[in-house]
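Dear colleague,

Please find below the structure that I am handing over to you. My findings follow it, arranged by topic.

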Amino acid sequence: MGESSEDFSVVVLASDLGVDARPFLEHQQQQEEENWHDCSQYLFPDEDFSDLDQLQFLLFQGTDKNSNRILRIVGKYFPATVVSAERLKRYVFHKICSELPDEPFCIVYMHTTVQKEDNSPGITILRWIYEELPSNFKDRLQIVYFIHPGLWSWLVIATVGRLFLSGGLYWKIKYVSRLQYLWDDIKKGEIEIPAFVKNHDDILEHRPLTDYGIEPDPFHLTGIPSSTYSFGKYEERWAGRGYVS
């Protein structure tokens, strides 16, 4: 060592003086977990949702084959023109917290004959509601069965959906073009299918191009009796005159 203080330097590491932060982190994590499981903050006992309950566009019914509770959503039943986005969010939160506090669940969404102007709140509002859900709720959502999506919905979700929907929700969507494919995951009788959904499914079964926005028989000409018989009636007359060999 030299006599001058400039010949060396001393670096003091304060690791021995550090404070163990684990108790604080554990306490914070415990508070977050308690908030996730505390549904009371999402219940609205002073608000009357009986009018929305009567519409039955949001119901818990049965379970799928993986024992997930089913949240049935019928898009056609939702009056988008009279229910605000904020009230819809409160109703969704209230419904989940009051009827499904702890269990994993799935969603069966019936998009059958939904009109954008009348029944759809919009993908932006749906994304906002989903993102506002507590993390525990998002983790418990296992899969979304999207029934009768149609060409337009397929295109929107496949393109814009990747930008507007979080990755967790985007990859949970399973498209179901026919009810017969739904029974691969859900037993018949576990969920009530409205009559108009069944009727639309029958139409798609006989005219599959309707899935792609193409009406193969817009004038229903297939219902007109065939004219084969009338041609056959004159065929014998022509044969007798030697015109037909």
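**The sheet and its strands**

Threonine 63 stands opposite arginine 69, a residue of β2. Before going further, please note that this is a predicted model. The two residues belong to a pairing in which β1 and strand β2 (residues 69–74) run antiparallel and are joined by four bridges. Five residues lie between the strands in this hairpin, and serine 67 there has a positive phi near 65°.

**The chain as a whole**

The secondary structure consists of 12 helices and five strands. The chain has 245 residues, of which 34% count as buried. Its accessible surface is about 16,300 Å², and 54% of this belongs to carbon and sulfur atoms. Among the contacts with a separation of 6 or more, 78% are between residues 24 or more positions apart.

**Salt bridges**

Side chains of opposite charge can pair when their charged atoms come close. The count of salt bridges in this model is 11.

Which side chains does lysine 95 meet in salt bridges? One partner is aspartate 53, at 3.4 Å from N to O. This pair links distant parts of the chain, since lysine 95 is in helix α3 (residues 85–99) and aspartate 53 is in helix α2, 42 residues apart. The other is glutamate 99, at 3.0 Å from N to O. Lysine 95 and glutamate 99 are four residues apart in helix α3, and therefore about one helical turn separates them. Lysine 95 counts as buried because its relative accessibility is 7%, under the 20% limit. Aspartate 53, at 35%, is partly exposed, and glutamate 99, at 34%, is also partly exposed.

Arginine 178 forms a salt bridge with glutamate 205, with 3.6 Å between the closest N and O atoms. Arginine 178 lies in the loop between β5 and α10 (179–182), while glutamate 205 is in helix α11 (residues 195–206), so the pair ties together parts that are 27 residues apart in sequence. Arginine 178 is buried, at 8% relative accessibility, whereas glutamate 205 is partly exposed, at 45%.

There is also a network of salt bridges that links Glu47, Asp51, Glu86, Arg87, Lys89 and Arg90.

**Positive phi values in loops**

Most residues other than glycine have a negative phi. Glutamine 56 has a positive phi, near 60°. This residue lies in the loop between α2 (50–55) and β1 (58–63), and is partly exposed, with a relative accessible area of 39%. Threonine 113 also has a positive phi, near 50°. The loop that holds threonine 113 runs between β3 (105–110) and α4 (116–119), and threonine 113 is partly exposed at 32% relative accessibility.

**A nonpolar surface patch**

Leu151, Trp152 and Leu155 make a nonpolar surface patch of about 340 Å². Leucine 151 belongs to helix α7 (residues 150–159) and counts as partly exposed, at 34% relative accessibility.

Yours sincerely

Key
Residues numbered from 1 in each chain as written. Predicted model: local features only at pLDDT ≥ 70, side-chain atom pairs only at ≥ 80, totals over all residues. Heavy atoms only, no water. Patch = residues over 30% accessible without salt bridge, like charges linked within 9 Å, V, L, I, M, F, W, Y side chains within 5 Å. Areas by Shrake-Rupley, 256 points an atom, 1.4 Å probe, with all protein chains shown as cover. Salt bridge = Lys/Arg side-chain N within 4 Å of Asp/Glu carboxyl O. Buried < 20%, exposed > 50% of the residue type's maximum accessible area, 1.4 Å probe, protein only. Contact = heavy atoms within 4.5 Å. Pairing = 2+ DSSP bridges.
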